[in-house]
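Please look over the sequence and the model first, and then follow the points below topic by topic.

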Amino acid sequence: MKISIQKRILDANDQAAAANAAFFARRNILCLNMISSPGSGKTTLLSRTIEGLKDRVRIGVIEGDLKTDLDAQRIRRTGAPAIQIETSGACHLTALQVSAAVKELPTDSLDIIVIENVGNLVCPSAFELGESARVVVLSTAEGDDKPAKYPGTFAKANVVLINKIDLLGHVDFDVAKVQRDARGLNPNVKIFAVSARTGEGLTDWYDYLVSLRGPRG
Amino acid sequence: MDELEVAQTVFETICAEAEKVKLVPVAATLSCGDMCAVNTEALLEAFASLCEGTPCRGMRLEVRRIPVQMRCIACNTTADYNIAAPHCVKCGSHEFDFLPEPPVLLEDIEFKDK
C-alpha cells in the first residue's frame, strides 16, 4: 500500500522565513542574506558599508558564526547594532534563529538588516531566512571558478560582490569570467567589483543598496 | 546542506505514518530541486543509519531531483533550467527569471501489506 504524504521537509524553516519576511515588510526594512566562503571579507565589507552609508541609511547586523562574537564586536565598533548567533557547529543559519535575533535589534530605527551567514558556499543557500535579497561575496583570492563550482548558490544570488580587487595582479582571477559565469547562471544578477580595503568600487554598491531600500519610512 | 537534519525529519515522518496505519514501511520517495544543496549519497547514508534497529530497517528511500524551471522574459516560455545551456529553448534569449525552486518534499510512503 502506497500513501501520498506531500510533506515539506523544511516546512518549519520556510514558515519562519515567511514570518520574518512579513515582519520586515511591515516595518519597511530591507533584509539581506550575505553568503560567502570564510575569509572573503564579508565583515570588513559590511563595516565599511555601514560607515559609508551612515548618513543615508541605518543598518543593523545579525552575525552567524560557529564560535565567538568577534564579528559582532567588529560591527558594533562602527556604531551599528549587531547580534551574534553562535551556531556551535551548524554550517548555516535558520529562519528561527534569525527571528529570535531580530527581536534583540532596535528594528524601529533600522532601514536595513544584513544577515551575515556562516562562512560556507553550500548549505546557507538551501535555507530561506526571510530576506529580500541574497548577496554572495566572492574574493579574488578564492579563484574565479566559484560560480561554476557552486552554481546553486550563484544562481539564487541577487547580487554578487567581487571583493579584494586590490589583489588583482597578485592572484589569478579573471573578473570578466566571473561576470560571464554568474550571468550565465542568472542573467538578472547585479555584480559589483569592490575592495573593502581600499574603497574602490564601493560607491556603486552603496548607491545600489540605497536604491534597493527605497526612501526612508 | 545538513543531510542528517533532512534524514531525521523524513525518518520521524515515516515512523509517525507507520504508527498511524500500523504497517511496516518498505519504501519512500523524496523529491527536491536539482540545485538544492542536498547530497543524495550523504542523505541516504544518514537515513540508513537512523533506520538501523527500527521497523524502517532496510527500507528504500528514492531521491528524485526535479529540474528548476525558468521563464523566458522575451517570449514567456517556461522550461527546465539547463545549467549547461542557460537560455530559452524556444527563442534562445538569455533573459529569464527563475520560478520558485521545488521544495524538499516527502512525496509518498509504501507499506508492506498485512
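Two strands count as paired if DSSP finds at least two bridges between them. With that in mind, in this predicted model the residue Met70(B) has Phe98(B) as its bridge partner in β5(B). The points below take up confidence, then the sheet and helices of chain B, and then the sheet of chain A.

**Confidence**

- For the complex, the predictor reports an ipTM of 0.88 and a pTM of 0.88.
- Chain B has a mean pLDDT of 93, with 99% of its residues at 70 or more.
- Within chain B, confidence is highest in strand β6 (residues 105–112), at 97, and lowest in strand β5 (residues 96–98), where the mean is 89.

**The sheet of chain B**

- Three strands of chain B, in the order β4-β3-β5, make up an open sheet whose pairing is antiparallel.
- The edges of this sheet are taken by β4 (78–80) and β5 of chain B, each of which pairs on one side only, and the twist from one strand to the next averages 35°.
- Strand β3 (residues 69–72) of chain B runs antiparallel to β5(B), and the two are joined by three bridges.

**Two helices of chain B**

- Helix α1 (residues 3–21) and helix α2 (residues 40–51) of chain B have axes that come within 8 Å and cross at roughly 45°, which makes α1(B) oblique to α2(B).
- The crossing in which α1(B) passes α2(B) is right-handed.
- Residues making this contact include Leu4(B), Phe11(B) and Ile14(B) from α1(B), and Leu43(B), Phe47(B) and Leu50(B) from α2(B).

- Chain A holds an open sheet of seven strands, which follow the order β4-β3-β5-β2-β6-β7-β8 with parallel pairing.
- Because β4 (82–86) and β8 (190–193) of chain A stand at the edges with a single partner strand each, one side of each is left without a neighbour in the sheet.
- Neighbouring strands of this sheet are, with direction ignored, turned by 20° against each other on average.
- Strand β2 (residues 30–36) and strand β5 (residues 112–116) of chain A run parallel and are joined by five bridges, with Leu30(A) standing opposite Ile112(A) in β5(A).
- Helix α8 (residues 202–213) of chain A packs on the sheet, where it touches β2, β5, β6 (133–139), β7 (159–163) and β8 of chain A, and the direction of α8 makes about 140° with that of β2(A).

Note on methods. Residues numbered from 1 in each chain as written. Chains lettered and ligands numbered in written order. Predicted model: local features only at pLDDT ≥ 70, side-chain atom pairs only at ≥ 80, totals over all residues. Heavy atoms only, no water. Axes fitted to C-alpha atoms, helices over the stretch in contact; angles between N-to-C directions. Helix = DSSP H or I, 4+ residues; strand = E, 2+ residues; numbered from the N terminus. Parallel < 35°, antiparallel > 145°, perpendicular 65-115°, else oblique. Left-handed = near helix turned anticlockwise from the far one by under 90°. Contact = heavy atoms within 4.5 Å. pLDDT = per-residue confidence, 0-100.
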